[in-house]
Amino acid sequence: MSSLARSVRYLIPFAVSLATATVSAATSPRQQWHTDIGQGYQQLAGSAHDLEQAANSYCNTPSDNGRRQLESAWRAAFLNWQAARFVDFGPIEQDSRAWQLQFWPDHKNLVARKVRYALKRDKAVDADFVSQAGVALQGFPAIEYLLYDADMQSGERALPAERTCRLLQTVSHHLANTTDALASDWQAFGDYYRSMDEYTGKTVAAAINGLEILQDKRLAAPMGVRPPHKRNKYLGDAWRSETSVAAMRASIAGFQQYLVPGLTRLLNEAGKPELAGKLVEQTDSTLAKADSLPDAMAPNLETDEGYRQLQSLFIEVIQLEQVVEDRIAPALGITRGFNASDGD
Amino acid sequence: MLNRRQFLQASLATLVAGSLDGRLAFAGADKGPLILSAVDDETGHHLIAGVDLQGRQRFLLPVGNRCHGGCERPGTVQAILFARRPGRHVYVVDTGQGNIVHDIAAGDGYHFYGHGVFSPDSRYLYVTVNRYDTGEGIVRVYDAEDNYRAVRDMPVGGIGPHELVLHPDGNTLIVALGGIQTHPDYDRIKLNPDTMQPALLLMDRQTGGIRKRFRPSHHQLSCRHLGVSPDGIVVAGYQYQGPTWESRPLIAHYDSNTDTFREIGLPKSLQRSLHNYVASVAVSPASPLSLVTAPRGDRVVVINHRTRALVSDFEVPDVAGALALPDGSFVVSSGTGSLHHISADGLEAETVATLDIHWDNHLTFHG
């Protein structure tokens, strides 16, 4: 298994860049990627607006039904983010947007600390406060905390308490603005993305990095794959809402939807249809495995049979990552870099 | 010091050795000039490497933290390597013994940014530090003759001091102020993209007084790395934090003789190809040439810092570390493991060695 000490950027040599540059703009792999990822961002922005609206409706007129709608709106928007989460270049890099959307991993439990502080302090919870409060309070995990954290549900500050509602609405509003800006900046980024050959390598690299994070941090860490082999659900993401596995499923589906079509095109153009076939086949197989598992990870960590299921998902993700990293990247002449994305 | 012919002959030998066993060759007991750098091995372990000018290993020291920049303690066997931001350690290396003789801790509430420089008499070490509860940038002074005791903190009046060098006047510290606020709780996340105030600073190393503060042409041009020529010309490299698709000048130029601060733009396609990111700056001590590396664009750019004209550019994948040698030539390193020599006229590049390690951001010379 590859080491994951840091994210790495991939470099695409000139020869491959030339090959892709000869394709007309309307059908080039980067054009395809730009359209597909743009669609992902649009869906994210749309669902973040739905979430904001659900938060407003629920807080204006609290009801069980409103609460269910709110939770399902959070889940829909969160999963849309998971689908496009692998993109680590372009407008997502601005203003630490990826962190604003999902502050994770959160080893110091900052999300909880920030939310509790916001609810306790005397001053108003308004847009200014949320934009000054730092990334731990600005995204999906903060809302997840309000909706699902066990302590939060039992205390006097539980939703729909007034101040908690105000925080929910303000964070939802912030999130809707962030995803709006992301989606529109992605369009502004289009000409540049299509014109710069390097982005072919960077896009494939983003996909590999996304799969490595999925495999190493989102799966292997909570499963205790490495010494001291302790299973710990809190190391996964979205454990409060019990959607750790659902989130991974959404990321694999996002890979299939936003990355595979452009990459298939690139492989076919490079005369590697067999690798394109292998990519599609392995993606289907990995996604099917993820589909067969329940949304939450914790119950599967507790039984031998459940753990075996997670192990087979883990193997499927490794296989997918290996197809891209060990077979596709070398075939396209994409080699691993070290300083390019992780400098200082 | 080797002349160019000897250097290249030795390089060729190293290349052969490197390709035969794929491991670092050993230079034996030879005690010539040395290049130090933070490196990672193939399994992701962090090390400090000392190699000779042909890329042959003198020592390889495991360290608990990924390191960043370094500096020579002039006239002594010591060299310093700094843990990478937000690092808490400074390692003092005995280059003769090939071991670490001091491990300086940042102390509670502080972390290092990864760079430092010595006073001309080699007594005081000046290190860039973050006091992270306030975000206040500091130049901390350590007394190397008193077991590297911290003797003084000098605030820079801003956030994120990064690399610093000593002006040839022997008294002025030139500090690249990145302007980016971070906090260890948030790892390396940038907390203030909208309100950054990067600068190039001149600080009196005796009094801590800020003599000059120059602002880049855009508030998101983070001023990070720099070098100074013997005649007082400063070349600094920026990292632009704004939209990827915008292209801004990345090289700052300050002539302390005329007190003129400028930025150097490059031809449009070359400028764009740097991807808004300069990793290292090396200013030649023996010629009017300076060199910057741009790993995101796989590019080395050489300029004449007297005329501010572009001299040449080279494609080197994942290039980051850069070093100006006493003879006026340069060495650059790549994350792919290669070391390259650039001739003193800035026109020729040759591969010196390729090793099974990832060279990290910077190279340090020990003469």
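How many bridges join strand β17 of chain B to strand β18 of chain B? Five bridges do, linking residues 233-240 to residues 251-255, and the two strands run antiparallel. Within this pair, B:Gly237 has B:Ile251 in β18(B) as its bridge partner. Strands here are DSSP runs of E with at least two residues, and helices are runs of H or I with at least four, numbered from the N terminus.

The model is predicted: local features need pLDDT of at least 70 and side-chain atom pairs pLDDT 80 or more, while totals for chains, interfaces and linings use all residues. Residues are numbered from 1 along each chain as its sequence is written, and chains are lettered from A in the order in which they are written.

The strands β17 and β18 belong to an open, antiparallel sheet of four in chain B, ordered β16-β17-β18-β19. From one strand to the next, the twist averages 25°.

In chain A, helix α3 (residues 64-84) packs against helix α12 (residues 244-269) at about 50°, with the axes 6 Å apart. Axes are lines fitted to C-alpha atoms, for helices over the stretch in contact, and angles run from 0 to 180 degrees between N-to-C directions. The helices α3(A) and α12(A) are therefore oblique, a class left over once angles under 35 degrees (roughly parallel), over 145 (roughly antiparallel) and 65 to 115 (roughly perpendicular) are set aside. Residues of α3(A) that meet α12(A) include A:Leu79 and A:Gln82; contact means C-beta atoms, placed from the backbone, within 7 Å.

Notes: Contact = placed C-beta atoms within 7 Å. Pairing = 2+ DSSP bridges.
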